[in-house]
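Q: Could you take a close look at one part of this model for me, the part around its nonpolar surface patch, and walk me through it in one go?

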Amino acid sequence: MKPKTPHNGDAAYYLFTYLGIFFVPGTNFLEPTASNYLFGIPPTHFGPIGALLNFAVAILVSRATEEPPQEIQDLVESVRIPRGAGAAVDH
């Protein structure tokens, strides 16, 4: 039985199992034929369209919902800039 906690090997497993389907020649299950195109866009080129849709949905959701409470905003800031962190040095 697989443990419920994530391991470093999980990321490698994902990369080789799922992404390999798209990048290893002969394992692509969506052949570049017109029947697999969506609005004339081949499956291997649809990533930028998905990214634009993602940004559009994120903007719509952020405008349609209320601003988070101040305690949540403070929590997020505390993660971004940890307590005791000084200014950056030698950059």
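A: First, the term: patches are built from residues with over 30% relative accessible area and no salt bridge, joining like charges within 9 Å and nonpolar side chains (Val, Leu, Ile, Met, Phe, Trp, Tyr) within 5 Å. A salt bridge here is a side-chain nitrogen of Lys or Arg within 4 Å of a carboxyl oxygen of Asp or Glu. Areas are Shrake-Rupley values with a 1.4 Å probe, and for residues only the protein chains shown count as cover.

Keep in mind that this is a predicted model, where local features need pLDDT of at least 70 and side-chain atom pairs pLDDT 80 or more, while totals for chains, interfaces and linings use all residues. Numbering runs from 1 along each chain as its sequence is written, and side-chain values use heavy atoms, leaving out hydrogens and water.

Now the patch: I72, L75, V76 and V79 make a nonpolar one of about 350 Å². V76 sits in helix α3, residues 70–80 (helices are DSSP runs of H or I, at least four residues; strands are E, at least two; numbered from the N terminus). V76 is partly exposed at 37% relative accessible area, on a scale where buried is under 20%, exposed over 50%, and partly exposed in between (1.4 Å probe, protein chains only).

E77 is partly exposed at 38%, whereas R80 counts as exposed at 59%.
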